[in-house]
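Biologist: Can you walk me through this model? I'll ask as I go.

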Amino acid sequence: MADTHLDPDVLSALQEVMEGEYPILVDTFLADSEQRLQLLKQAADATQILEMAHSFKGSSSNMGAIRLADLCHELELKAQGQNLSGAEALVAEIDREFAFVRPLYEEERRRSLSASLIIRR
Amino acid sequence: MSVVTEISADGQKLTISVKGRFDFAKHLEFRNSYELPDRAMPSSVVVDLKEATYLDSSALGMLLLLRDHAGGENSDIRVVNSSSDVKKILAISNFDKLFDIS
Amino acid sequence: MIAVQPALESLTILIAEDSAADRMLLSSIVRRQGHQVLTAANGAEAVEVFRLQCPQLVLMDAMMPVMDGFEAARQIKALAGETLVPIIFLTSLSESEALARCLEVGGDDFLAKPYNQVILSAKIKAMDRLRRLQATVLQQRDQIARHHEYLLNEQRVAKAVFDKVAHSGCLNAPNIRYLQSPYALFNGDLLLAAFTPAGDMHVLLGDFTGHGLPAAVGAMPLAEVFYGMTAKGYGLAETLREMNAKLKRILPVDMFCCATLLCLSVQRRSVEVWNGGMPDGYLHSMATGERTPLTARHLPLGVLNSQAFDDRTEVFPMALGDRVFLLSDGVIDTCDANEQLFGVQRLQEVFALNRQPDALFEEIERALRDFGGEARDDVSMVEISLLEPARLNPPAVVYSDSGQSCPLDWSVSFEFRAATLKRFNPLPYLLQLLQEVHGLRAQSGALYSVLAELYSNALEHGVLGLDSGLKRDASGFTRYYQQRNVRLDELQDGFVRVHLQVTPEGEGGCLAICVEDSGKGFDVERVLERPLDPVRLSGRGVSLIRQLGRNASWSDDGRSARVEFYWEALA
């Protein structure tokens with residue numbers, strides 16, 4: 001399991017690509033992820049879990065949340081194998097990891113906003 | 001390369017070897033083999049058909065073009081190593097009256 | 001010079017991705033690379049956007065709600081039709097099964113998450129190259145199809161003209177049977193038939209180099225010469241010389257016409273043959289069952305200049321009911337799947353097995369079919385029988401003058417000496433002269449036959465001294481005509497005189513023909529004693545002259561012949 005919660009290289013690449021829209025991207029990601037987490041907790045069968053885990057894995061890897069992506073991948077494999085034992089525990093871990101990175105993203109957001117303000121002056 | 005040319009050391013004899021099917025597809029290659037822009041037309045020409053498998057009426061036409069280019073009535077063109085099939089075609093068209101065929 | 005990469009044009013790219021953050025990110029990346037972006041959040045939306053806006057490239061997330069990426073890809077590919085719209089799947093699917101599914105539905109490539117800008121850019125470029133390649137291929141295909149259509153149309157026009165020319169003769173005469181099947185749009189083999197004024201039949205089967213349009217180009221002038229000269233009464237040799245000269249003049253060096261030319265004569269019971277470059281024809285004798293091959297002894301038409309051209313023909317005896325069979329090399333060159341030719345041997349086998357001469361055509365056709373062959377060229381076959389004169393009806397000649405004035409009281413004399421006798425046939429000219437007399441037009445056929453007979457007697461038996469007795473059998477026949485050629489070539493002295501006199505007689509008139517030669521003469525009384533016998537091969541055609549003309553008489557020991565023709569007042 002990777003120790004990296006947020007990969008700074010990915011973040012700076014994102015900032016470069018998105019430019020002024022970086023904060024919006026972060027916001028969108030956070031909003032999306034919350035929704036996904038909810039759906040994951042409520043998911044009834046393996047298929048639903050699979051879809052959610054897969055989707056969450058994708059966007060977290062794009063956003064540099066490495067550990068989060070890895071956890072989702074584990075959950076995805078479980079759901080694929082139709083082996084839902086331990087799935088609940090994994091979902092809880094994902095929840096925790098997200099709670100961990102979330103303030104980090106918010107910090108990113110604030111930092112980039114003030115940086116752009118400095119530039120504008 | 002299905003049409004191969006060779007000029008003798010003294011530049012007097014041109015040998016053109018045609019391999020495979022001697023038909024319309026070889027038109028340009030055959031013409032390029034005797035239309036030599038930077039030297040005089042050799043006085044004698046040999047067309048070697050040892051590896052030619054087939055000859056059609058466009059090949060006969062190409063031989064006529066060669067003959068015309070090489071001096072028409074005064075040309076010296078020999079067609080050598082024809083297989084029996086090729087010889088038959090040349091015989092029916094009586095081209096042995098125009099070319100030395102062996 | 002440094003090779004410069006053409007700048008990638010700005011594409012319109014559709015991004016179908018259900019995760020909003022990912023969609024936003026990807027859009028920014030793609031926009032930064034210089035492209036226009038369209039977005040969709042699920043498969044159904046993706047298909048709709050595609051239908052309305054026609055993007056050139058699609059980045060498709062595999063797993064999406066409402067309609068997944070696979071189904072959307074399938075539908076988009078269907079909508080795109082022939083045009084290539086590359087679809088790059090966005091997927092972190094690692095199993096090869098899932099990847100295989102991407103390809104199955106028409107996906108062209110993958111991009112894994114997390115998105116790598118460099119890789120994405122490279123893939124877009126590569127896909128765009130493919131897209132443009134496909135577009136070029138389609139464009140060229142359409143262009144080719146258009147040109148092909150033009151060419152086909154030109155061929156249709158050529159065919160229409162060609163058919164008029166090729167079929168304005170007497171191919172529908174009852175003694176001719178033919179079969180022509182085209183390799184391309186039309187059969188470029190030329191098959192012509194026409195009657196001479198004497199009632200003989202000239203037939204030509206010709207095969208130009210190439211087929212289709214190029215063949216038609218050469219065919220028309222050739223046909224004009226053939227019909228024109230045959231109608232005027234010219235023989236094979238002169239017609240051949242003219243045709244060869246014409247083709248030599250107008251065709252490019254590498255184009256020529258293989259041809260077999262025949263003259264069938266009921267009167268002389270013979271067939272005269274000239275074959276330049278065509279496969280063997282066959283003369284089938286009903287009496288003996290033998291088939292004599294008519295082999296090519298000459299170069300095709302249009303190759304040699306006039307001095308070198310060889311117009312020598314071969315003559316064979318032909319009895320009533322005998323047939324001549326000609327074919328073009330499309331028959332022999334028919335090829336089966338193993339590149340085996342149908343060949344002359346197989347043809348000979350069909351001949352050998354044939355019992356009913358009338359069935360020969362069908363038997364050959366069936367053999368070709370059974371051989372399973374594919375024609376590589378136009379296929380033409382023709383069979384001409386020698387039929388009794390009553391069964392053939394030469395068409396009436398159409399005259400182009402007003403029919404009002406004509407010469408009625410005149411005479412003319414000609415003397416043709418050795419040099420002229422060798423190379424000139426005066427008959428067409430004499431006939432044309434006589435056709436100025438309207439009253440004689442109805443008897444053109446008989447007139448020409450009699451003139452021809454008198455002239456050939458005078459030339460062959462008189463001046464050349466040939467013995468008509470030679471012609472009593474087939475081999476003698478051949479020797480006779482060979483000797484004729486030899487003696488004509490060597491001729492130094494001698495003459496044939498023709499004297500024509502037209503005088504009015506009552507309401508109509510009378511033509512007196514007198515032909516003299518410088519030969520030794522013959523025993524007139526003995527020949528005249530023979531009963532009128534239309535079937536004999538030999539004999540001085542005396543019976544013919546006596547049958548067709550009036551008051552035939554011979555004098556000066558047979559060196560001078562005289563005959564008259566009469567006509568009534570024209571209605």
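**Chain B, then the A–C contact**

Modeller: Of the contacts in chain B between residues at least 6 apart in sequence, 69% join residues at least 24 apart; contact means C-beta atoms, placed from the backbone, within 7 Å. This is a predicted model, where local features need pLDDT of at least 70, side-chain atom pairs count only at pLDDT 80 or more, and totals for chains, interfaces and linings use all residues. Residues are numbered from 1 along each chain as its sequence is written, while chains are lettered from A and ligands numbered from 1 in the order in which they are written.

Biologist: How many helices and strands in chain B?

Modeller: Three helices and seven strands, as DSSP runs numbered from the N terminus (helices H or I, at least four residues; strands E, at least two).

Biologist: What's the strand order in the open sheet?

Modeller: E1-E2-E4-E6-E7 of chain B, with mixed pairing; strands pair if DSSP finds at least two bridges between them. The edge strands are E1 (3-7) and E7 (100-101) of chain B.

Biologist: How does E6 of chain B run against E7(B)?

Modeller: Parallel, joined by two bridges. B:Arg78 has B:Asp100 in E7(B) as its bridge partner.

Biologist: Switching topic: how many residues of chain A contact chain C?

Modeller: 18, against 15 residues of chain C. Helices H1 (8-18), H2 (22-42) and H3 (46-62) of chain A each give two or more residues to that side of chain A.

Biologist: Which one gives the largest share?

Modeller: H3(A), with eight residues.

Definitions and conventions. Contact = placed C-beta atoms within 7 Å.
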